[in-house]
Amino acid sequence: RVGYHQYTFPDSDNSHIILDLMANIYQHDAKNVWTFVRVENDHLVTGWRQTRGWARTRFVYFAMEFSKPFKSYGHEKYDDVIYNGFYRRFDEKKNFPEMAGNNIRAWFGFDTEAGEQIKIKFALSSVSSEGALKNLETEVPEWDFDKTRQETRGKWNAELAKIVAETQTPEDKITFYTALYHTMLSPILYEDVDGKYRGLDQNIHTSDGFTNYTIFSLWDTFRALHPLFNLIQVERNNDMIKSMLAHYDQSVHKMLPIWSHYANENWCMIGYHAVTVLADALAKGTTDIDPSLALQASIDTSTVPYFDALGSYMQLGYVPEGETDYPVSKTLEMSYDDWCVAQVAKIAGDDEKYDEYLKRSAAYENNFDPEVGFMRPKFADGTWKEGFDPLDTHGQGFIEGNAWTYSLFVPQNIEHMIELMGGDEAFTERL
């Protein structure tokens with residue numbers, strides 16, 4: 001929750017550190033909604049910023065502490081100020097301890113000697129600047145940069161050492177551990193040290209019996225990342241599942257996350273793959289969640305008719321061409337998700353739901369055209385879309401793939417997929 005910075009300066013009576021509160025990842029002109037900064041004293045600054053983007057209502061609070069008092073400060077505001085109330089009686093640009101606007105860059109001035117180092121502890125919170133201060137005081141209480149750096153290195157080494165890789169070259173080892181490091185960058189911790197976090201309903205909640213996480217980009221992670229976590233991050237993955245269930249509990253749609261994003265649902269990508277994460281952990285015995293709760297959450301998520309042509313999928317047994325983008329990919333992925341719901345039902349002892357979702361999981365058959373040997377788009381009246389090209393990645397019913405790759409996505413029934421494609425010999429030739 002806390003970043004630790006160290007800057008080395010020359011001999012100068014005009015040294016500055018700039019706090020840029022304008023820049024964003026995935027920048028656009030209207031992303032910053034509001035920014036607020038308070039200069040609490042000559043070494044502590046607090047504030048917050050609200051942005052809109054993939055996370056359309058996102059609040060980030062911060063506390064920024066300097067190791068040395070600054071002698072002056074100020075800011076530039078890059079806004080068209082239509083109304084400023086009675087703040088117009090002040091010169092807000094310099095040494096005025098409140099800053100507010102859409103687009104702000106603040107600056108802090110110092111006298112420095114040659115080689116002098118100024119350190120900054122910068123804490124974040126989704127709840128409040130008070131929460132950010134608690135995070136700062138708890139996680140990095142000392143002004144010892146090298147100690148913090150070594151402690152952090154030790155934490156990373158402990159995580160990376162969960163897998164011992166023997167490689168033929170040092171370069172291969174670097175590649176492996178860099179990739180392993182990348183697997184641990186998200187989902188991210190999303191609560192203060194006291195367990196408080198901003199929920200999907202934009203209210204402040206306190207986690208109970210779990211640590212809250214966010215950034216579940218589940219279309220990217222359901223195939224391999226969460227199954228890997230069930231081997232090397234069991235406790236964290238269990239917390240992530242409980243975070244998904246908290247998302248479900250706070251959702252006005254009564255859905256598990258599609259893509260959880262800083263107290264928001266951003267709806268990116270397809271399918272409802274949180275159910276696969278629940279099923280995998282239940283099947284492997286790496287979670288202590290109630291199977292009945294997992295089943296109800298999975299059923300609720302998979303029956304919201306206005307989500308991504310799900311109503312037509314339930315009615316027709318496939319997502320029809322023309323109603324939405326990427327209909328074949330959606331049919332294939334949702335049919336796998338349904339198979340996973342069936343497995344949760346089996347573990348929960350609900351035979352009726354097991355049979356229902358096992359039947360739903362055969363939906364992939366409805367998009368397979370035996371005449372061409374591929375999955376392809378089909379209209380609601382049962383006719384195939386013309387102009388089919390299995391190599392084309394655009395306009396053929398698939399997202400980030402084509403019929404050659406996506407036709408193989410039937411992980412729940414590989415034997416039947418091989419049978420549909422002509423049996424072992426023909427399938428071997430196809431591969």
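**Exercise 1.** Classify the contact between aspartate 338 and arginine 360, whose closest N and O atoms are 3.1 Å apart, and state where each residue sits.

*Solution.* Step 1: the pair is a salt bridge, that is, a side-chain nitrogen of Lys or Arg within 4 Å of a carboxyl oxygen of Asp or Glu. The model is predicted, so local features need pLDDT of at least 70 and side-chain atom pairs count only at pLDDT 80 or more, while totals for chains, interfaces and linings use all residues. Residues are numbered from 1 along each chain as its sequence is written, and side-chain values use heavy atoms, with hydrogens and water left out.

Step 2: aspartate 338 is in helix α10 and arginine 360 in helix α11 (residues 351-360), 22 residues apart. Helices (H or I, at least four residues) and strands (E, at least two) are DSSP runs, numbered from the N terminus.

Step 3: aspartate 338 is buried at 0% relative accessibility, and arginine 360 is buried at 15%. Buried means under 20% relative accessible area, exposed over 50%, partly exposed in between (1.4 Å probe, protein chains only).

**Exercise 2.** Which parts of the chain does the salt bridge of arginine 223 with glutamate 333 tie together?

*Solution.* Step 1: the closest N and O atoms of this pair are 3.3 Å apart. Step 2: arginine 223 lies in the loop between α4 (218-221) and α5 (225-232), glutamate 333 in helix α10 (residues 327-348), so parts 110 residues apart in sequence are joined. Step 3: arginine 223 is partly exposed at 37%, whereas glutamate 333 is buried at 0%.

**Exercise 3.** How many salt bridges does the rule give?

*Solution.* The count is 18. Separately, Glu159, Lys162 and Arg236 form a salt-bridge network.
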